[in-house]
Amino acid sequence: MDRNSNNYTFIYASVMVILVAAILSIAAIALKPMQNKNTEIEKKQNILASVNIETTAKEAEQVYAEKVVNSYVVNSEGEVVEGDAFSIDLKVQKAKPLEQRLLPVFECQTESGLKYIFPLRGVGLWGPIWGFIALNEDMNTIFGTNFDHQGETPGLGAEISTPAFEEQFTGKSIFDASGKLVSVIVAKSSESAPEEHKVDAISGGTITSKGLEQMLLEDLTSYQKFITRKKS
Amino acid sequence: MSEKEALFSKKNLKLLTDPLNDSNPITVQVLGICSALAVTAQLKPAVVMAISVTAVVAFANVIISLLRNTIPNRIRIIVQLVVIAALVILVDQVLKAYVYDVSKQLSVFVGLIITNCILMGRLEAFALGNKPWQSFLDGIGNGAGYAAILIIVGFFRELFGSGSIWGYRIVPESWYIANGGFYENNGMMILPPMALIVVGVIIWVQRSRNRKLIEN
């Protein structure tokens, strides 16, 4: 057959595309369960990291089952509603109006008592940033945090996921003396803010730092009624 | 080429060793620079990227070489691209399933293997006109040449940029200014421009040592 004829070219291209599509679909379906498992393990690791428990991917499942004693879903009124907390995608929830959002809560038993863990999601400079924040039983003091990002600048904005940055949050309060939710202010050295609500921003990563501050305030606000209920 | 040619004849070995030095894809042909800058801030992703590119270029070479007598000339570039893209997606899926943390670090750069000029270059220049075994060797050779540069750059960038190698700390914590020492990591090292400078230095060293590459 003439290799330069139109028919040959069309048939060749069609057969090739169908073959390649079949191979790729098979590979994608075959590997999907393992990939999902990896994402799940990573999420468990991140939840545990927010209460300062470092685990390897291998032991994460077991430690998670041991430490995270309870998880449930609440609405913006702070009432517990139906749902599986672990599988909730915050990206989907944050696209809804506040009243319709499903907000996951994880309770984790640590050596220093029960901690409440809330997931966070916001916007950095280049893409989404997310994380978990763990509160002490007083529902005011931060016990630990864990942040991650999709593509912040290495060495600058990406520093939010380093322990040095995350550890600053430990011990800070999210409510002021009058009971108003102020969250945590990620401040440059020139900005003044009360010490118990302030952490140092990342130099060269101002937009990421401010995005993180915004994320904390926004997401803690959506949990505010739940937090107030637990407090009283 | 006779059918009885030994698998590792001198000519075939040259296919394997040439790209390491005389025709290195990065330092001599200056191909694939983009990914070389992007993934070399640390050694581990650099090594994984090097292995992925080597695997993709070797197998793409073999596949194109097997098909070389059937590919319609008018769509040969598209055929090459489809083969590369399919292999890259496979590599990406496998990385996500088996070495998740590394695949996260490489993120978009695995996808960008598709646009790595080394691949198209080898397919067009070599695989379309040579037998599968030679094409395979050529792919491995070029992958290794790419790998060598990536690993050297990754080694220096991680050492001076983060004070560690393969994630293990080399520069003692007590040396750092933050801990009362005298040392500070070079922040420039972890940014892409420094990778370009390191590649430039490698080219300089290579050219001053290899007489074949000296131009008049």
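**Figure 1. Asp148(A) in strand β6 of chain A.** In this predicted model, Asp148(A) is part of strand β6 of chain A; helices (H or I, at least four residues) and strands (E, at least two) are DSSP runs, numbered from the N terminus. Asp148(A) is buried, at a relative accessible area of 12%. Buried denotes under 20% relative accessible area, exposed over 50% and partly exposed in between, with a 1.4 Å probe and protein chains only. Not counting residues up to four places away in sequence, Asp148(A) touches Glu42(A), Ile129(A), Trp130(A), Ile160(A), Ser161(A) and, in chain B, Lys104(B). A contact is defined by heavy atoms within 4.5 Å.

Residues are numbered from 1 along each chain as its sequence is written, and chains are lettered from A and ligands numbered from 1 in the order in which they are written. As the model is predicted, local features need pLDDT of at least 70 and side-chain atom pairs count only at pLDDT 80 or more, while totals for chains, interfaces and linings use all residues; side-chain values use heavy atoms, with hydrogens and water left out.

**Figure 2. The open sheet of chain A.** The sheet comprises 6 strands in the order β2-β1-β3-β4-β5-β6 (chain A), with antiparallel pairing. Its edge strands are β2 (80–81) and β6 (142–149) of chain A, each of which pairs on one side only. Two strands are taken to pair if DSSP finds at least two bridges between them. Strands of a sheet pair through backbone hydrogen bonds, either parallel or antiparallel.

**Figure 3. Strands β1 and β3 of chain A, with helix α2 of chain A.** Over 6 bridges, strand β1 (residues 68–74) of chain A pairs in the antiparallel sense with strand β3 (residues 103–110) of chain A. Tyr72(A) has Val105(A) in β3(A) as its bridge partner. Helix α2 (residues 60–67) of chain A packs on the sheet and touches β1 and β3 of chain A. The direction of this helix makes about 75° with that of β1(A); axes are lines fitted to C-alpha atoms, for helices over the stretch in contact, and angles run from 0 to 180 degrees between N-to-C directions.

Figure 4. β4(A) and β5(A) run antiparallel and are joined by 8 bridges. They form a hairpin with 4 residues between them, and Ile117(A) stands opposite Ala134(A) in β5(A). A further 7 bridges join β5(A) to β6(A), again in the antiparallel sense; the bridge partner of Ile133(A) in β6(A) is Thr145(A). The hairpin of β5(A) and β6(A) has 6 residues between the strands, and there Met139(A) takes a positive phi near 60°. Because 7 of the 8 residues of β5(A) are buried, this strand is largely enclosed by the rest of the structure.

**Figure 5. Glu152(A) in the loop between β6 and α4 of chain A.** Glu152(A) lies in the loop that connects β6 with α4 (163–167) of chain A and is buried, with a relative accessible area of 3%. Apart from neighbours within four places in sequence, its contacts are Gly124(A), Leu125(A), Trp126(A), Gly127(A), Ile129(A), Gly157(A), Ala158(A) and Thr208(A). Glu152(A) and Lys37(A) are 115 residues apart in sequence, and their C-alpha atoms are 25 Å apart in space.

**Figure 6. Positive phi at Ser183(A) and at Val30(B).** Most residues other than glycine have a negative phi. Ser183(A), in the loop between α4 and β7 (185–187) of chain A, has a positive phi near 60°. This residue, Ser183(A), is buried, at a relative accessible area of 1%. Val30(B) has a positive phi near 50° and lies in the loop between α1 (10–17) and α2 (33–38) of chain B. At 47% relative accessibility, Val30(B) is partly exposed.

**Figure 7. Helices and strands of chain B.** Chain B contains 9 helices and 2 strands, following the pattern α-α-α-α-α-α-α-α-β-β-α along the sequence. Its C-alpha atoms fill a box of roughly 70 × 45 × 30 Å along the principal axes. Of the 216 residues in chain B, 46% are buried. Among the contacts in chain B with a separation of 6 or more, 73% are between residues 24 or more positions apart.
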